[in-house]
Amino acid sequence: MTVPPAGAGGLPDATTQSGGGIRGFTVLFDAHCPLCRAARAWLASRPQLVPLEFVPAGSAEARRRFPGLDHAATLRDLTVIADTGAVYAGDGAWFACLWALAEHRATAERLARPHLLPLARRVVAVASAVRERVREPWPEPTPDPPGYGGPDDRADCADDRCG
């Protein structure tokens with residue numbers, strides 16, 4: 001189930017009593033995709049107005065917590081589930097993630113406006129196409145997302161162009 005955008009940003013204002021009262025999001029991300037892991041790390045490192053919890057898409061944990069979801073679809077498109085039960089997929093999920101961030105809520109609301117929404121959707125479509133090309137061919141997600149163990153595990157790089 002995908003919740004269509006409603007109003008500016010497509011999401012209620014979590015800071016108001018009548019705004020839906022979203023207190024947290026669970027982000028189902030593709031743990032086998034380097035682009036998705038990088039996005040997860042970036043999102044997790046930003047100040048959050050709405051806490052983001054990350055669970056590998058298609059994992060046993062995701063299936064246990066969200067038995068009604070099409071888990072094959074969550075591996076194709078980023079999926080975000082609000083603690084209210086609302087489900088956002090594709091561009092709506094990207095907007096939800098940006099909307100949750102203190103520094104990017106206004107950007108999410110701006111991108112969801114009718115005149116910028118087509119461009120934002122194209123950017124998400126391009127990101128999805130890139131994800132399909134760089135995804136690692138593992139049949140099942142592992143309990144531990146692959147990738148760098150921590151921010152200090154990468155080699156030093158003076159020009160910030162390496163790994």
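1. In this predicted model, Phe29 stands opposite Pro56 of strand S2. Phe29 itself belongs to strand S1, which comprises residues 25-29 and runs parallel to S2, the two being joined by five bridges.

2. The sheet to which these strands belong is open and has four strands, in the order S2-S1-S3-S4, with mixed pairing. Its edges are strand S2 (52-56) and strand S4 (87-89); each has a single partner strand, so one side of each is left without a neighbour in the sheet. From one strand to the next, the twist averages 20 degrees.

3. Which helices accompany the sheet? Helix H1, residues 34-45, lies across S1 and S2, and its direction is at about 160 degrees to that of S2. Helix H4, residues 91-100, packs on the sheet and touches S1, S2, S4 and strand S3 (79-82). The direction of H4 makes about 110 degrees with that of S4.

4. A pair of aromatic rings is described by the distance of the centres and the angle of the planes. Three such pairs are found in a search of the whole structure. One of them joins Phe25 and Tyr88 in an edge-to-face arrangement, with 6.2 Å centre to centre and 90 degrees between the planes. This pair links distant parts of the chain, since Phe25 is in strand S1 and Tyr88 is in strand S4, 63 residues apart. Phe25 and Tyr88 are both buried.

5. Phe29, already mentioned for its position opposite Pro56, also forms an edge-to-face aromatic pair with Phe54, at 6.4 Å centre to centre and 80 degrees between the planes. Because Phe29 lies in strand S1 and Phe54 in strand S2, the pair ties together parts that are 25 residues apart in sequence.

6. Are Phe29 and Phe54 buried or exposed? The cut-off for a buried residue is under 20% relative accessible area. Phe29 has a relative accessibility of 3% and therefore counts as buried. Phe54, with a relative accessible area of 15%, is buried as well.

7. Phe25, Tyr88 and Trp99 form one aromatic cluster. Over the ring of Trp99 sits the charged end of Arg105, 3.8 Å from the ring centre.

How values were computed:
Residues are numbered from 1 along each chain as its sequence is written. This is a predicted model: local features need pLDDT of at least 70, side-chain atom pairs count only at pLDDT 80 or more; totals for chains, interfaces and linings use all residues. Side-chain values use heavy atoms; hydrogens and water are left out. Two strands pair if DSSP finds at least two bridges between them. Axes are lines fitted to C-alpha atoms, for helices over the stretch in contact, and angles run from 0 to 180 degrees between N-to-C directions. Contact means heavy atoms within 4.5 Å. Rings of Phe, Tyr and Trp (its six-membered ring) pair if their centres lie within 6.5 Å; planes under 30 degrees apart count as stacked, over 60 as edge-to-face and the rest as tilted. Buried means under 20% relative accessible area, exposed over 50%, partly exposed in between (1.4 Å probe, protein chains only). A charge sits over a ring if NZ of Lys or CZ of Arg is within 6 Å of the ring centre and within 35 degrees of the ring normal.
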